[in-house]
Structure formats: C-alpha cells, structure tokens
Amino acid sequence: MIAAERLAQVFVELADTLTDDFDLIEFLQLLATHTSDLFDARAAGLLLADQRGRLQVMAASDERAELLELFQVQAHEGPCQDCFTHGEAVVNADLTQAHHRWPTFAPRAVAAGYRSVHAFPLRLRKQTYGALNLFGTDTGQMAPADTKIVQALADIATIGMLQQRAIQRGDDLTEQLQGALNTRIVIEQAKGMIAQTHAITPDQAFNMLRDYCRRNGLPLTDVANRVITAPASLGELMTPA
Amino acid sequence: MQRLCRAASTALPATGVGVSVMSDQGDPATVAASDPHSATVEDLQFTLGEGPCIDAYNSGSPVMAPDLAVAARVRWPGYGPAAQEHGVQAAFAFPLQIGAARLGALDIYRDQPGSLSPETLVEALTFADAAMTGLLDAQQHSNEDDAAPALDDALDNRFELYQAQGMVAVQLGIGLRESMIRIRAFAYAQNRPLGHVADDIVARRLALETDP
C-alpha cells in the first residue's frame, strides 16, 4: 500500500503542471516516472493512440532501448493493445504464462527480466486514448486498492491531455496529438545528436538531456528543440569532451 | 506528386489539395496541386506570407480551420478573406515532417465550412504520409528504380531511425532533413531495410561516408 502523504505530493505536483505553458510530453514523462516510483514497478510508460488508432510511445520512466522496444511492440500486440481495444485494465498478468496470449510481446518481456505487467486505460467517457503501462520483476499481485490509485493516475493523464488549451473540438485534439507525436520524434533525434557528440549510447544521451533539463529547470521539449536548432546555446551538453 | 494531389482530392471530401515544400532558408514553393485553382490558393499563402500551411510547417502540428470566416478575422487577416474570395471555406494543413526534419505541408481545401470526419482525417494523414515519402524519394538521386520494396515507409515508428538521423547529422555536419535522405539513399543503394540500417548506425557498426 502506498503512503498517502507521498501520493498526495504526486497529485499536487501533477496538478501544478496544468498551467498555461503546459507541455504534454513533460507531463507524461513526470507521470511515468512517479508511477514507477510509487509502485516499485521496474518501469512505467505511457502510450497514446494516434489518429489511425496505432499506439505510440510518448513517455517512459527510463529510456533504455530494450524497454522502449517493449512499449513499441505493443502497437501490434500486448497488454496495452488489449487495454486500448477493450477500454479495460489488464492487471496482474503473469508474463511467464502469457506466451499464448502475446506470442511476440511476452517472450521479449521475459527476456528483458520482467515477470508481471499491467495496463490501465487512458479513458474519458466512452473514448479510450491510450494506456498506462507498468512492468514488475516479480509476479506479486497488485493490491486492489493500488489498482484504483494507478487508474486515478491514468485518469489524470487523460485530463491533462484533454485540458490543454481547453480542447473543445475534435480538431483541437488532432492538432495537439499529432504535435505531441512529432515532439516525441524530435526528442529521439536530439538523443541521436547528443549520443554522436559525446560518443555515448542514445540511452546515456537521454540521461544527459534529462539531467540538463533538471539542473536548469527547463522543459524537455524546449531543450530537445534547441539541441537541433541552437546547439551552441547549450554549453557542455552539445560540446564534445 | 500531382497525381497524389488529384487522387487525394477525389478520395477525400475535398474541393482541392495542394502540396508545398518549404525550408528555413529560401522561398517556399507549391510543388503540386490537384487543379490550377487549388494551385492559386496554395500560392496565395506565400504571396501573403501567412496561412494554414505556413503555420503547420512552423508548428509541426496540423492546422485545422473548419471555418475560414471565423479564422480569417483573427488568425490570418490577409489570407482568410483572400481564400474565401477563391471559394475556399475550410482549410486543413498537415505538416510533412519527421520530427525536426521538415519538408513542407499538405493542404486540403473545401468549399463548405465544417470539420473533417474521423475517417476523412485518417485518409488525409495517409495521403500526407505518401506525400512525405514521395518528397524524400524525389530528393535522393540514387537508383530509384530498384530496391523500393525493401524499404518500408519513412514513417515506420522506430525510434532507432530517428536516433540514427540525429547521429548522422552530427557526424557529417548536415541538417536532419539531409541526414534522413542520406540514410534512405544508403538503404536503397544497399537494398537493405531502413530499420536495419538505422540499427547498425545506432550500434556504431556503420558510419555513413562524408560524401556518397
């Protein structure tokens, strides 16, 4: 069970970001990290469906390539795909017993060291927008009270996504969603540029990028854009050692 | 590209479709339109220096203007009324870009106000993807005739491809757009799937040459 005080802190911090300069990617990133910390999950990620109904990775608690791959594969098959299709949570799935259910996803997840997986829908009324995905390294069951809390966090993600610029029309959501998907690609390009500059892996590059953002109190999206448009303004981040 | 615009114009509930190529330096240009009338409307944005296509290019998000009479007053005081004079009542612009590698935008025009239906939107995005792939193909010079099947679409959602794009850009000191073209050209020339080439670049098993 989660400490109420810690949980309250997380909700306040998330609510705090719902301001005028709201950045969807930053928000989802924060949510993924907190969800992972709160539940001792080994990893958490957020996937959103694009306009074609394909799930796309938007944020992850850490950006190791093998983990990102596990999220990406769920565009075709896996707990997030099931959760998105049916609009219902997939809870406490034992990955070692899931080879029939998810023949591509389950063996990869097991090979990456995970034993359990959960997926919670990002849903408002009848519409499902994506899923919040948690991985664990043991097959322990998530307590019913905890599943309610994770669903509440998923609901916050949905509210956060839909509140930006007071989305009232489907057209607004299209603009925002497609924009955010593109921003996620910009972050990957920035990771590649940092990786090449310092002769490190893209995973390490992401950590450098995130640390730079934290130290300077800057949003991830802004810094990723500057990596591409104005690298000289970023000091050591874009200067070869 | 003109064929694509005509096909889009017929398939979608649209009165016209146009594709423009833009860059951060230099003048933008309309490359294709479904019909001469749409080409005129497309060019209008560049004459006036404002419009949905320019905004889509700059923001990286689609720009949906289901009613130009409303949008005209605030967003595009010049373009709005001018487009309406040409009989356009609604305009929808989709950026043609991969992350920060920007090529241009695809515009859909309608003579009646109203939003695109979800089905139409999916079709529009599919045409935008096709236009994107077409522009990338047109910008690379190497043997276009063969190997095309080995290369799936440029927009295959694999993060390694975008990371490779960033790495090659820094390594060769070029922009992201050119970097994408170089990686694709290499994959074509070697008749290898784009994803495999990207994986090799990210793993540093492969470094593209300074000049092809």
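**Confidence**

Modeller: The score used here is pLDDT, the predictor's confidence in each residue, from 0 to 100. Helices (H or I, at least four residues) and strands (E, at least two) are DSSP runs, numbered from the N terminus. This is a predicted model, in which local features need pLDDT of at least 70 and side-chain atom pairs count only at pLDDT 80 or more, while totals for chains, interfaces and linings use all residues. Residues are numbered from 1 along each chain as its sequence is written, and chains are lettered from A and ligands numbered from 1 in the order in which they are written.

Biologist: What is the mean pLDDT of chain B, and where is the pLDDT below 50?

Modeller: Chain B has a mean pLDDT of 85, and 89% of its residues reach 70 or more. The pLDDT is below 50 over residues 142-155 of chain B. Beyond near neighbours in sequence, that stretch has 28 contacts in the model; two residues are in contact if their C-beta atoms, placed from the backbone, lie within 7 Å. For the complex, the predictor gives an ipTM of 0.86 and a pTM of 0.84.

Biologist: How many residues does each chain bring to the contact between chain A and chain B?

Modeller: Chain A brings 27 residues and chain B brings 28 residues. On the side of chain A that touches chain B, helix H3 (65-72) and helix H7 (170-198) of chain A each supply at least two residues. H7(A) gives the largest share, 18 residues. Sorted by class, this side of chain A has nine nonpolar, 12 polar and six charged residues. Here Ala, Val, Leu, Ile, Met, Phe, Trp, Tyr, Cys and Pro count as nonpolar, Asp, Glu, Lys and Arg as charged, and the others, Gly among them, as polar.

Biologist: Over how many bridges do strand E1 (residues 43-49) of chain A and E2(A) pair?

Modeller: E1(A) and E2(A) pair over five bridges, in the antiparallel sense. Leu48(A) stands opposite Gln56(A) in E2(A).

Biologist: What is the general idea behind a nonpolar core?

Modeller: In soluble globular proteins, nonpolar side chains tend to be buried together. A residue is buried if 20 or more other C-beta atoms lie within 10 Å of its own, exposed if 12 or fewer, and partly exposed in between, with C-beta atoms placed from the backbone. A nonpolar core is a set of buried Ala, Val, Leu, Ile, Met, Phe, Trp, Tyr and Cys residues joined through C-beta atoms within 7 Å. The largest such core has 140 residues, of which Leu28(A), Leu46(A), Leu132(A) and Phe92(B) touch the most other members. H7(A) gives the most to this core, with 10 residues. Beyond its neighbours within four places in sequence, Leu46(A) has contacts that include Leu28(A), Met58(A) and Leu132(A).

Biologist: Which residues of helix H4 (residues 79-86) of chain A are buried?

Modeller: They are Pro79(A), Cys80(A), Gln81(A), Cys83(A) and Phe84(A). Their cover includes E1, E2, E3, strand E4 (116-124) and strand E5 (127-136) of chain A. Just after H4(A), Gly87(A) has a positive phi of about 70°.

Biologist: Why does Ile201(B) count as buried?

Modeller: Ile201(B), in helix H9 of chain B, counts as buried because it has 25 C-beta neighbours inside 10 Å. Not counting residues up to four places away in sequence, Ile201(B) touches Ala164(B), Met167(B), Val168(B) and Leu206(B).

Biologist: Is Arg204(B) buried or exposed?

Modeller: Arg204(B) counts as exposed, because it has 12 C-beta neighbours inside 10 Å. Arg204(B) lies in the segment after helix H9 (194-202) of chain B and has a positive phi of about 60° although it is not a glycine.

How values were computed: Two strands pair if DSSP finds at least two bridges between them.
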